[in-house]
Amino acid sequence: MGLVSASRAFCVCLLFFSTDKLQAQIKVASFSTVLSEIAQKVGGKNVLVTSLIKPGQDPHEYQLTPGDLSAATASDLVLLSGKGMEATYLRNLRDALPKQVQVLAVGDQIPGLTQGAEEGKDAEKEATQDPHWWNSILETERATAVVRDALVHLDGQHATDYQAG
């Protein structure tokens, strides 16, 4: 009888600690391969990142699928490139997500790049915002800080891990 009780106690402890570890991870759904990589590097073992746009997939051609919507719905944090990149499916996505899911359009949180300005001509009128912030090292570093801050906000218990990542 003692061996059976000990085995049950061990199984309960194992189940408790395994479940606790799974619940400790922040679930992140990302609509950008760059943001998926940033979230994984910053979050480390404390995050579970699902990259909804796969490497090699053209994000300009992306269409929201029921499976991607399910993954986003099950997440704690949804990362978007921002700056209008997800305009074709953003409304449907936001309408479908539960209120507790944080949606972060990372590019909207950073100044951004300008393109198309020629010197000597009415440069301010010709310059437009370039939504491809990941083409700049400085902007990518800023995006990393935005993702880090979001993870800290969601999971302050691991703030030092995120700040080190």
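Reader: Is Trp-133 buried or exposed?
Author: This is a predicted model: local features need pLDDT of at least 70, side-chain atom pairs count only at pLDDT 80 or more, and totals for chains, interfaces and linings use all residues. Residues are numbered from 1 along each chain as its sequence is written; side-chain values use heavy atoms, with hydrogens and water left out. Buried means under 20% relative accessible area, exposed over 50%, partly exposed in between (1.4 Å probe, protein chains only). Trp-133 has a relative accessible area of 0%, so Trp-133 is buried.

Reader: How many aromatic pairs are there?
Author: Rings of Phe, Tyr and Trp (its six-membered ring) pair if their centres lie within 6.5 Å. Planes under 30 degrees apart count as stacked, over 60 as edge-to-face, the rest as tilted. By this rule, the number of aromatic pairs is four.

Reader: What geometry does the pair Tyr-62 and Tyr-89 have?
Author: The ring centres of Tyr-62 and Tyr-89 are 4.9 Å apart. Their planes stand at 70°, so the pair is edge-to-face.

Reader: How far apart in sequence are the parts that this pair ties together?
Author: Helices (H or I, at least four residues) and strands (E, at least two) are DSSP runs, numbered from the N terminus. Tyr-62 sits in the loop between β2 (47-51) and α3 (66-73). Tyr-89 sits in helix α4 (residues 87-96), so the pair joins parts separated in sequence by 27 residues.

Reader: What geometry do Trp-133 and Trp-134 show?
Author: Trp-133 and Trp-134 form an aromatic pair, 5.3 Å centre to centre. The angle between the planes is 80°, and the pair is edge-to-face.

Reader: How many strands does the chain have?
Author: From the N terminus on, the elements run α-β-α-β-α-β-α-β-β-α-β-α-α. Helices number seven, and the count of strands is six.

Reader: What share of the chain's residues count as buried?
Author: The chain has 165 residues. The buried share is 32%.
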